[in-house]
Amino acid sequence: MHLAVYLPLLPPVAAALSARWLAARLDPRAATWLLTAAALLLAAASTTALGLLAIAGLVRIPLVASLGRLSRTALAGTDPTARLVSLAAGLALSAAALTAARALWHRGRALLAAAREARRLPGTGDVVILDGPADAYTLPGAPGRIVVSTRMLAGLTGPERGVLIAHERVHLHARHHWFAAATRLAASLNPLLRPLERATAYTIERWADEHAARGCGDRRLVARTVAKAALLRAGGPRRAVTALGIAGAELAAGGPLPRRVAALMAAPPRRRLPLIAAVAAVLLLTGLCTAEAAGDLEDLLEAAGA
Amino acid sequence: MGEGTSSRRPWGALEAELLAVLQAADGPLSPGEAAARLDGRAGYSTVVTALTRLHAKGTLNRERRGRAYIYSPVLDAAGTAARRMRQLLEREQDRDAVLMRFVDELSPQDEALFRRLLADDGPA
């Protein structure tokens, strides 16, 4: 177990640095799948690497070695893993397991609460209109429901309402909450993957935006609806709004909402297969490294057990 | 799915009372539970009949729980759903991530950006 075991600890750094860049360039649907898969695989790989390092240290403890009938001299002679590294890996692994368990518990509870609420909402259709401040969201469930507040509806025109509902229906039908839950789990196992969780949250919204845009055939209408709805939530646009101004560059440098609007005001995203293939290749390599490191440890334990 | 006309027959009073009971309830009720909350003002079989009629009229939702049906109002009392929703949002730690919001909160800079975006070339 040499270099291979440390390699899976590196790609999360690269992923963290490139997640936002990828999210801005890839087709949002492909990006959501790719980023989610990357987050899960990298989390699994780095957790496995920590586990391997911890086990390598654990078997050197005399009691553990004698329980496993392992030869301590054989272990000491072959494995270069330093005790401190193993100890650190063991601690990191325990922390990861704890935060992951907590994340699963909280997300599970929140999803169950949402599903229960979705079931108890009045009416039988997928869209529910509730009194209240301007807001609109999808409650995941079986079936999930779309909640739109009266004040949000009142602030939008007919076509804009159509865009909002079309957007939320994509969340419902594509089960976007599972992508969000998967990246949450990955980021809880490895905090370096948090940018991937944020990037996926962004591409999920972009996926729904693009779908709504294809449905109505008017990207600027979707852009305007997003901007208007955001202002409605923030207290309402000051005047009647009918058109979009200012350049996309300023928007593209802003937060997630301005970036969504900027993307809608630009040309539709392309698929960019070479970029997807490159990311997939890095993921594959990481997986191979992890398998290699696991194989090394197995060989070592076998040799020491002889 | 709402119920537009109100019944003028003797049934009406019981139906209105049942509807109020279901709206005040925490969740769907079985006929037995609903009858219990009427404090003996109607028998079990009368309540079953009334609930079935309300369901047939589209005023109540009906689902199966075990061998019995449970009922809930299609349109609940103004704001109870909205209130429950706010409670849900306040209670659950992971609430924001679970709800797929159409638009999240704007930072002050982004809000200023949007105000300019929407106002600059639009007729005021």
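Reader: What makes Glu292(A), Glu298(A), Asp299(A) and Glu302(A) a patch of negative charge?

Author: This is a predicted model, so everything here is computed from it. Asp and Glu count as negative. Like charges are joined into a patch within 9 Å, provided the residues have over 30% relative accessible area and no salt bridge. Glu292(A), Glu298(A), Asp299(A) and Glu302(A) gather in such a patch on the surface.

Reader: Why is Glu298(A) called exposed?

Author: Its relative accessible area is 52%. Exposed means over 50%. Glu298(A) is therefore exposed. Glu298(A) lies in helix 14 of chain A, residues 273–305.

Reader: How do you know that Arg233(A) forms a salt bridge with Asp135(A)?

Author: The closest N and O atoms are 3.8 Å apart. The cut-off is within 4 Å. The pair therefore counts as a salt bridge.

Reader: What does the pair of Arg233(A) and Asp135(A) tie together?

Author: Arg233(A) lies in helix 11 (residues 219–233) of chain A. Asp135(A) lies in the loop between strand 1 (127–130) and strand 2 (136–139) of chain A. So the pair ties together parts that are 98 residues apart in sequence.

Reader: Is Asp135(A) buried or exposed? And what is Arg233(A) called?

Author: Asp135(A) has 12% relative accessibility. Buried means under 20%, so Asp135(A) is buried. Arg233(A) has 24%.

Reader: Why are Arg206(A) and Glu210(A) separated by about one helical turn?

Author: Because they are four residues apart in helix 10 (residues 194–216) of chain A. Arg206(A) forms a salt bridge with Glu210(A), and the closest N and O atoms are 2.8 Å apart. Arg206(A) is buried, and so is Glu210(A).

Reader: What makes Glu250(A) and Arg116(B) a salt bridge?

Author: The closest N and O atoms are 2.9 Å apart. The limit is within 4 Å, so the pair qualifies. The pair crosses between chains, from helix 12 (residues 248–252) of chain A to helix 6 (residues 108–119) of chain B. Glu250(A) has a relative accessible area of 37%, which makes it partly exposed. Arg116(B), at 36%, is partly exposed.

Reader: Which residues are joined into one network?

Author: Asp135(A), Arg233(A), Arg101(B) and Glu105(B) are joined by salt bridges that share partners.

Reader: How many salt bridges are there over all chains?

Author: The count comes to 14.

Methods
Residues numbered from 1 in each chain as written. Chains lettered and ligands numbered in written order. Predicted model: local features only at pLDDT ≥ 70, side-chain atom pairs only at ≥ 80, totals over all residues. Heavy atoms only, no water. Patch = residues over 30% accessible without salt bridge, like charges linked within 9 Å, V, L, I, M, F, W, Y side chains within 5 Å. Areas by Shrake-Rupley, 256 points an atom, 1.4 Å probe, with all protein chains shown as cover. Salt bridge = Lys/Arg side-chain N within 4 Å of Asp/Glu carboxyl O. Charge placed at Lys NZ, Arg CZ, Asp CG, Glu CD. Helix = DSSP H or I, 4+ residues; strand = E, 2+ residues; numbered from the N terminus. Buried < 20%, exposed > 50% of the residue type's maximum accessible area, 1.4 Å probe, protein only.
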